[in-house]
Amino acid sequence: MKRENYFVLFGLLFLSISLLPSTCLPQGLPAITAAAAGAQTTRYSLSLEILALVTTITLLPSLLLMMTSFVRILIVMSLLRMALGTAQTPPNMVLVGLALFLTIFIMSPILSEVYGTAIVPYLDETLSFDEAIKRAEAPIRGFMLNQTRETDIAMFMNIARIDEFQGPESVPFSTLVPAFITSELKSAFIIGFLIYIPFIIIDMVVASVLMSMGMMMLSPMMISMPFKLMLFVLIDGWSLIMGNLAASFALP
């Protein structure tokens, strides 16, 4: 392309960007405004509500990872696949889908409470946005506190230089979320260690038998994998793993 064509292309692009606000604004949404509808309530414009909705959808994956049971379940499933030695079976898409639906199953009581106490009153316009956020925060905070170790909370409180707080309910979310993630990682690796033990024993037995038979060139992993799969199927491993994972999140 010649240099003159580049100048023409950039000129048209600049002209289109310059005319875009004037052509789209009359048909667009109203400006972002907040109008007082009462003494203590605030109504937000449609633009602000759509902006909040788009922001929530953008942050939804992070919220799913950081404040639910998704992290522990996915890590345990990945460690189980490594212990079985089945490489990419089940594939990542299956593990993520399984972790997602198991997370929905575990979090359904909390999500139902959030929907009934915060979302429904807000949609019925009987509750302000700020109050709805506070009501939605309470059950999620309770779930995270029940799954977080006190030592992890104390560590992040010391890092944040917060010396005094009235109780667990007063722990700020900025401190509770990393403490919750740290505790979930610890719990996931502890469960993964317990899962690894029987499969390591099978690998050691197979390797010892092959070495005693003089088959040192034969890979023990190739021989032990059918035995590990047979053991996992005989003990109904998937039901045990998913059932115990769900039970590990039981609220006291």
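The model is predicted. The chain has 252 residues, and 27% of them are buried. Its secondary structure consists of 9 helices and 2 strands.

**Overall fold**
- From the N terminus, the order of elements is α-β-β-α-α-α-α-α-α-α-α.
- Among contacts with a separation of 6 or more, 66% join residues 24 or more positions apart.

**Nonpolar cores**
- The largest nonpolar core holds 33 residues. Within this core, I73 and I241 touch the most other members.
- Six helices each supply at least two residues of this core: α3 (70-84), α4 (92-123), α5 (129-147), α6 (150-159), α7 (173-212) and α9 (237-248).
- Another core, of 5 residues, lies apart from the largest one. Its members include V114, A118, A132 and A136.
- Beyond its neighbours within four places in sequence, I73 contacts A99, L102, T103, I106, L245 and F249.

**Packing of α3 against α9**
- Two packed helices are described by the angle between their axes and the distance between the axes.
- The axes of α3 and α9 come within 11 Å of each other. They cross at roughly 155°.
- An angle over 145 degrees counts as roughly antiparallel, so α3 is roughly antiparallel to α9.
- The crossing of these two helices, α3 and α9, is right-handed.
- On the α3 side, the contact is made by R72, I73, V76, M77 and L80.
- On the α9 side, W238, I241, M242, L245 and S248 make the contact.
- Both I73 and I241 therefore take part in this helix contact as well as in the largest core, given that α3 is roughly antiparallel to α9.

**Helix α8**
- Helix α8 covers residues 220-234, a run of 15 residues.
- At 1.5 Å a residue, α8 should span 21 Å, and its end C-alpha atoms are 21 Å apart, which agrees.
- S224, K228 and F232 are buried in α8.
- The cover over the buried residues of α8 includes α3, α7 and α9.
- After α8 comes D236, with a positive phi near 55°.

Notes
Residues numbered from 1 in each chain as written. Predicted model: local features only at pLDDT ≥ 70, side-chain atom pairs only at ≥ 80, totals over all residues. Heavy atoms only, no water. Core = buried A, V, L, I, M, F, W, Y, C linked by side-chain atoms within 4.5 Å. Buried < 20%, exposed > 50% of the residue type's maximum accessible area, 1.4 Å probe, protein only. Helix = DSSP H or I, 4+ residues; strand = E, 2+ residues; numbered from the N terminus. Contact = heavy atoms within 4.5 Å. Expected span 1.5 Å × (residues − 1). Axes fitted to C-alpha atoms, helices over the stretch in contact; angles between N-to-C directions. Parallel < 35°, antiparallel > 145°, perpendicular 65-115°, else oblique. Left-handed = near helix turned anticlockwise from the far one by under 90°.
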